Amino acid sequence: MSNEIQSVLTESRVFQPFSNLVEGAAISGMPAYQALCERAEHDPDGFWKDLANDNLVWNTPFTQVLDETNPPFYRWFADGELNVSANCLDKHLGTPTADKTAIIFEADDGSVTRVTYKELHAKVCQLANGLTSLGYSAGDRAIIYLPMSIEAVVAMQACARLGIIHSVVFGGFSSKSLHERTVDVGASLVITADAQMRGGKTLALKPAVDEALSLGGCEAVRNVIVYNRANSKVDWVEGRDRWLHDVCLNQPGTCEPVAVNAEHPLFILYTSGSTGKPKGVQHSSAGYLLWALMTIKWTFDAKPTDVFWCTADVGWVTGHTYITYGPLAAGLTQVIFEGVPTYPDAGRFWKMIQDHKVTIFYTAPTAIRSLTKAAETTPQIHPRQYNLDTLRIIGSVGEPINPEAWMWYYTNVGRERCPVIDTWWQTETGGHMITPLPGATPLKPGSCSLPLPGITAAIVDEVGEDVPHGKGGFLVVKRPWPAMIRTIWGDPERFKTSYFPAELKGYYLAGDGAQRDDDAYFWIMGRIDDVLNVSGHRLGTMEVESALVAHPLVAEAAVVGRPDATTGEAIVAFVVLNQSLPDDEQGRKIATDLRNWVAHEIGPIAKPKEIRFGENLPKTRSGKIMRRLLRVVAQGQEVTQDVSTLENPAILDQLSQSF
């Protein structure tokens, strides 16, 4: 790790902004960027006030920008009122944007549906009216468990229109994960589908909802609204289950948006923590939307003529900010994709860019790495075989992108004329925090570069003191910003201890380790806690360990991550069984069973890539599992650290064989 970081920090390749992007950019040139940063630093109230007044439509104007009387529970624009859906849809009515295509939806099978802003507004209003007829109103909570679809955006926007707080659950999560979130958020409504289509397969969704709601604690759920995506046969609970098309039937295509307080929760999105229970990250309405819109404008230099495509799922924050809210608030045409990048072949992304004339493409390093392998082994699906001339900006999200993948992306997809916008941010930050700007920032492969204006990112030591450039430390944000997490739903103490530890002077703790180079560019080094980043998805080691130990064969388990060329990080599980060590054949069978078990308990993305069996785990004499040693073993390296504190040092050799 240290060698890789050292080579990254001495990266000599620097790519200057392209002149055609500098001209007319939202932030044009480094002097313009620096001027914005200086204003934000010296007049933060004026800086944020102007952005909020100039970019959002308010029902009741705010008079106070930031209320910091009760840190870290900061409040932004707190005496103002607005509606998020109205800011995404209604403001475009009566303008040329109304008849512009809002969404180009490409289904798994390649069929394409287009909706204009006017049509999308009508769909949202019909569902909102249907929800009102069922008795839902501002403050109620809804679980949304839908495939990538126009309907998913409609469901989220309809909730926002009424002030219903939505919590979207990724369609790949299991019934147990769905149950946990439904109970924790206190949902009274679930919006789901019969199934989703991925890679030519029909994958059921409704049965997971039925199972989740049967587990207890979900008695508040009065209605389950089902989108008929695949015409699948589903079990039906009379009086509770309703088809989406029936809920919308004969409903008017207009619905007065409900004005809510700026601090009214827009959504709660669950993210993994280093302890077993997922955290319900709560975001506000006004501050979150402002930053979603500003980052679309700044980071992607979005123009009315752009066709924007973010490949994320709406089950993740990237899909919230850069599909459901940011692009619509900006009046962009965007592509939404239901399927997977490798079906019917690994040229799917490049063909879609070509067919839909995409100008801004935003995807994950995992996708880039997997498509790199496919392209180099199957030349006919190499991006060079497709017309990607419409692209002007390409972005990366979800995890750090290694310099080699950056260069492949830049050379083969961007054709050395599109900047690679490597964005660092989190579920908790609401939008981009550290990122290059297309018309201003020189690029270094592998670095997310510099903070956006108004973001006071820094690297500090264990007591919150700044560390010199070139030295690693904790990545923090020193001042509040409008889109920041407001609390953990139902657990304010956990919010404070997780994100604003007193020993770091009350700065926001990102949970990532980082360094800055001599040019002050940020380089992300990985998590400082036990949260894994697999294909851009955050998973707590404790979650996976808890799932393994719940299996009747497992006595004890420890989970670590190791670098993986495709997924960024792979899950390696060390397992102690309630029986003697298995032979090779038994080990393979048990490992398969355990992977399937974890997939059922959490979801397929949590499947361990490797499982290793031992009679015990490496522990200190006080019983603490030495995970740092397990990380070394998982990477296939020789253990050179001091093992004198171990009760059973010989166990490390036993754990070297993987299944």
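Helix α6 covers residues 117–133, and in this predicted model its buried residues are Y117, L120, H121, V124, C125, L127, A128, N129, G130 and L131. How far apart are the end C-alpha atoms of this helix? They are 24 Å apart, and because 17 residues at 1.5 Å a residue should span 24 Å, the two values agree. After α6 comes G135, a glycine whose phi is positive, near 95°.

Q126 and N250 are separated by 124 residues in sequence, yet their C-alpha atoms are 8.1 Å apart in space. You will find N250 in the loop between α10 (244–248) and β13 (260–261). Its phi is positive, about 65°, although N250 is not a glycine. Is N250 buried or exposed? Its relative accessible area is 73%, and since anything over 50% counts as exposed, N250 is exposed.

Now let us turn to helix α4, residues 44–55. This helix has twelve residues, and the distance from its first C-alpha to its last is 17 Å, close to the 16 Å expected at 1.5 Å a residue. Within α4, the buried residues are G46, F47, W48, L51, A52 and N55. What covers them? The cover includes the helices α3 (30–42), α5 (84–88) and α11 (286–299), together with the strand β2 (75–76).

In soluble globular proteins, nonpolar side chains tend to be buried together. The largest nonpolar core of this model has 145 residues, and F77 and L475 touch the most other members. Helix α7 (residues 150–162) gives the largest share of this core, ten residues. Apart from it lies another core, of 36 residues, with F18, L21, L371 and V420 among them.

Helices α3 and α4 also meet us again at a pocket. The second largest pocket has a volume of about 420 Å³. Its lining is made up of 23 residues, and C37, E41, G454, I455 and T456 lie nearest its centre. Both α3 and α4 supply at least two residues of this lining. Which element gives the most? That is α3, with four residues. Sorted by class, the lining has 16 nonpolar, two polar and five charged residues.

Finally, have a look at two prolines in loops. The peptide bond from P71 to P72 is cis, with omega near 5°, and P72 lies in the loop between β1 (66–67) and β2. Another cis peptide bond joins Y343 and P344, where omega is about 0°. P344 has its place in the loop between β17 (333–337) and α13 (348–356).

Conventions: Residues are numbered from 1 along each chain as its sequence is written. This is a predicted model: local features need pLDDT of at least 70, side-chain atom pairs count only at pLDDT 80 or more; totals for chains, interfaces and linings use all residues. Side-chain values use heavy atoms; hydrogens and water are left out. The expected span of a helix is 1.5 Å times one less than its number of residues. Buried means under 20% relative accessible area, exposed over 50%, partly exposed in between (1.4 Å probe, protein chains only). Contact means heavy atoms within 4.5 Å. On a 1 Å grid over the protein atoms alone, a cavity is a set of points where a 1.4 Å probe fits but cannot get out, and a pocket is an open set with protein on both sides within 12 Å along at least five of seven lines; lining residues have an atom within 4 Å of a point. Grid points are joined across faces, edges and corners, and a volume is the space filled by probe spheres set on the points. Ala, Val, Leu, Ile, Met, Phe, Trp, Tyr, Cys and Pro count as nonpolar, Asp, Glu, Lys and Arg as charged, and the others, Gly among them, as polar. A nonpolar core is a set of buried Ala, Val, Leu, Ile, Met, Phe, Trp, Tyr and Cys residues joined through side-chain atoms within 4.5 Å.
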